[in-house]
Amino acid sequence: MVSEQRMEQLTDNCVRRAVELLAIDSPSGYTRRAAEHVVGVYQAMGLRPEMTRKGGVLVCLNPDAPAEDGLLLEAHLDTLGGMVTEISGAGRLHLTPLGGMEPNNAEGENVRIVTRSGKIYTGTFQMKNASVHVNGDYHGAKREYKAMEVLIDEEVSSREDVEKLGILPGDIVCFEPRTRVTDSGYIKSRFLDDKLSVAILLELAAQAAAGEIKPRRRVWQHITVFEEVGHGGAGSVPEGVSEAISVDMGCVGDGLACDERKVSICAKDSGGPYHYEVVSGLIDAAHRGGADFAVDVYPYYGSDVEATLRAGHDLRHGLIGPGVYASHGYERSHRKGVCSTLRLLDAYLE
């Protein structure tokens with residue numbers, strides 16, 4: 001078992017890697033720069049990652065191990081965001097969501113608008129007629145995309161002015177993550193789902209590359225880039241893989257036992273039950289690894305590994321992740337949940 005001092009170091013590394021990833025915009029459909037960062041991290045470990053056709057990253061941690069009965073660990077790099085759908089006559093941007101970005105959670109947030117030429121403009125996502133001293137219906141108005149707009153931080157007052165900047169429908173809009181790490185160990189940011197778990201898999205890969213853990217079978221990692229729109233894990237399953245585990249966020253909320261300081265093992269979500277033997281094996285590994293864990297049923301959730309199964313792959317499947325509160329909003333987790341996720345994975349691999 002990894003020592004307490006070493007586990008603290010590994011947890012520090014995970015948090016640092018997560019902060020680095022959160023600083024790179026990557027809403028679904030605009031993930032190349034973040035994926036290239038991940039490729040570079042793997043290469044620095046001495047591993048040999050490859051970019052998939054869809055833009056994800058696939059790497060084997062121990063290619064000398066037997067190919068049969070391989071394990072695939074999946075985590076997703078893509079996040080929620082928006083796309084310009086219309087430029088109003090007054091020079092404001094109307095959006096369509098990328099994934100489940102709730103407008104009521106994003107109101108008043110700073111954004112970056114990425115043009116096809118690569119130029120980036122800043123702006124703010126607001127209610128239309130957002131001044132309380134002018135809009136008598138401000139408090140009662142429903143927060144929905146047709147009632148919201150982006151104000152660009154440029155001197156524009158017409159559609160033509162905006163088009164002269166090079167902004168067009170189809171441009172990506174990235175929301176500010178507002179990442180904070182507190183002295184008490186909390187990690188607060190948009191998009192901890194799922195960059196926190198990508199960071200955990202990167203640290204797990206570093207352990208394997210350094211020989212600190214020796215998986216008993218061949219282990220692959222797939223960092224997917226379309227999970228938030230439903231098909232991230234639908235392809236790129238290496239030959240010989242018989243089991244896949246999605247490492248995503250663990251749900252925290254009413255009726256669930258998990259909190260931000262634990263690792264969650266999901267027994268069932270909206271897609272149905274996870275493989276009984278895999279869930280049982282994860283529970284056993286959590287006990288052996290000394291992980292603080294909860295087993296929960298998620299009422300509204302779908303994972304990468306379910307997309308893998310729906311694509312026709314014949315696999316056993318599971319889902320775990322550090323507890324994350326306020327999912328798809330301004331999310332919060334804790335380094336203790338990160339540590340427990342690492343403990344579980346270390347024990348499960350060995």
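## Fold and selected residues of a predicted 350-residue chain

A compact globule of 350 residues would have a radius of gyration near 20 Å, and the chain agrees with this at 21 Å. That radius is taken over C-alpha atoms, and the globule rule is 2.2 Å times the number of residues to the power 0.38. This is a predicted model, in which local features need pLDDT of at least 70 and side-chain atom pairs count only at pLDDT 80 or more, while totals for chains, interfaces and linings use all residues. Residues are numbered from 1 along each chain as its sequence is written, and side-chain values use heavy atoms, with hydrogens and water left out.

### The chain as a whole

The C-alpha trace spans about 65 × 40 × 40 Å along its principal axes. The chain has eight helices and 19 strands. These are DSSP runs numbered from the N terminus: helices are H or I with at least four residues, and strands are E with at least two.

Of the 350 residues, 56% count as buried. Buried means under 20% relative accessible area, exposed means over 50%, and partly exposed lies in between (1.4 Å probe, protein chains only). The chain exposes about 14,900 Å². Carbon and sulfur atoms supply 47% of that area. Accessible areas come from the Shrake-Rupley method with a 1.4 Å probe, and for residues only the protein chains shown count as cover.

Arg-190 sits in the loop between β11 (186-189) and α5 (192-209). Arg-190 counts as buried, because its relative accessibility is 1%. Its side chain reaches the backbone oxygen of Asn-105 at 2.7 Å. Leaving aside neighbours within four places in sequence, the contacts of Arg-190 include Met-101, Asn-105, Glu-109, Phe-175, Glu-176, Arg-178 and Tyr-330.

Phe-191 lies in the loop between β11 and α5. This residue is not a glycine, yet has a positive phi of about 75 degrees. Phe-191 is buried, with a relative accessible area of 8%. Within helix α5 is Asp-194. The peptide bond from Asp-193 to Asp-194 is cis, with omega near 10 degrees.

### Further along α5

Leu-202 is found in helix α5. Setting aside neighbours within four places in sequence, Leu-202 contacts Arg-17, Leu-21, Val-38, Val-41, Tyr-42, Met-45 and Gln-221.

Gln-207 also belongs to helix α5. Its side chain makes a polar contact with the side chain of Asp-346 at 3.2 Å. A polar contact is a pair of N or O atoms within 3.5 Å; within protein, one must be able to donate a hydrogen and the other to accept it, and residues adjacent in sequence count only if both atoms are side-chain atoms. Beyond four places in sequence, Gln-207 touches Val-2, Leu-10, Glu-212, Ile-213, Leu-342 and Asp-346.

Thr-52 is placed in the loop between β1 (50-51) and β2 (57-60). Not counting residues up to four places away in sequence, Thr-52 touches Leu-58, His-222 and Ser-236. Its C-alpha atom is separated by 9.1 Å from that of Thr-224, 172 residues away along the chain.

Gly-29 occupies the loop between α1 (4-22) and α2 (32-44). With neighbours within four places left aside, Gly-29 is in contact with Val-225 and Phe-226.

Ala-326 is in the loop between β18 (316-324) and β19 (331-334). Its phi is near 65 degrees, a positive value in a residue other than glycine.

| Residue | Relative accessibility | Class |
|---|---|---|
| Leu-202 | 1% | buried |
| Gln-207 | 1% | buried |
| Thr-52 | 11% | buried |
| Ala-326 | 28% | partly exposed |
| Gly-29 | 53% | exposed |

Terms used: Contact means heavy atoms within 4.5 Å.
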